[in-house]
Amino acid sequence: MVLLKHEENNSVECIYDSSNVIGSKYLKNERKLAVIFKSGLQYVYNDVSLTDYKLFESGESQGKLLNTVIKKYSFDKSKDKVDITPIMEQINKLKENE
């Protein structure tokens with residue numbers, strides 16, 4: 001479930017309340033979807049259609065939609081882990097204010 005969404009200059013960034021996926025960034029012009037996991041791993045999925053991205057973003061379970069809709073796309077795994085501390089802090093603040 002989306003906790004926070006920011007859209008600007010053909011990119012969409014989201015933070016999620018999910019057991020495994022904490023954030024994503026979709027570049028509309030490039031059709032690339034970067035997904036950040038609670039482990040700090042980041043995968044970039046290539047040539048993701050806007051329709052499939054919207055399904056992923058708007059779903060109640062990003063993990064399930066990742067498995068059923070997004071994983072059919074080719075991907076690149078980032079070699080470096082993302083520091084998820086600031087994202088987790090933001091998630092906790094958003095959940096406190098619900």
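This is a predicted model: local features need pLDDT of at least 70, side-chain atom pairs count only at pLDDT 80 or more; totals for chains, interfaces and linings use all residues.
Let's start with the helices. Two packed helices are described by the angle between their axes and the distance between the axes. Here, helix α1 covers residues 50-58 and helix α2 covers residues 62-70, and the two pack at an angle of about 160°. Their axes sit 8 Å apart. Since angles over 145 degrees count as roughly antiparallel, α1 is therefore roughly antiparallel to α2. As for handedness, α1 passes α2 in a right-handed crossing.

Which residues make the contact? On the α1 side they are Asp 52, Leu 55, Phe 56 and Glu 57. From α2 come Gln 62, Leu 65, Leu 66, Val 69 and Ile 70. Sorted by class, the contact of α1 with α2 has six nonpolar residues, along with one polar and two charged ones.

Now for the pocket. The largest pocket holds about 210 Å³ of space, and 15 residues line it. Lying nearest its centre are Glu 13, Cys 14, Ile 15, Ser 24 and Ile 36. Several elements give two or more residues each to this lining: the strands β1 (2-8), β2 (11-16), β3 (21-27) and β4 (32-37), plus the helix α3 (85-96). What sort of residues make up the lining of the largest pocket, by class? Seven are nonpolar, five are polar and three are charged.

Note on methods: Residues are numbered from 1 along each chain as its sequence is written. Side-chain values use heavy atoms; hydrogens and water are left out. On a 1 Å grid over the protein atoms alone, a cavity is a set of points where a 1.4 Å probe fits but cannot get out, and a pocket is an open set with protein on both sides within 12 Å along at least five of seven lines; lining residues have an atom within 4 Å of a point. Grid points are joined across faces, edges and corners, and a volume is the space filled by probe spheres set on the points. Helices (H or I, at least four residues) and strands (E, at least two) are DSSP runs, numbered from the N terminus. Ala, Val, Leu, Ile, Met, Phe, Trp, Tyr, Cys and Pro count as nonpolar, Asp, Glu, Lys and Arg as charged, and the others, Gly among them, as polar. Axes are lines fitted to C-alpha atoms, for helices over the stretch in contact, and angles run from 0 to 180 degrees between N-to-C directions. Angles under 35 degrees count as roughly parallel, over 145 as roughly antiparallel, 65 to 115 as roughly perpendicular and the rest as oblique. A crossing is left-handed if the near helix is turned anticlockwise from the far one by less than a right angle, and right-handed if clockwise. Contact means heavy atoms within 4.5 Å.
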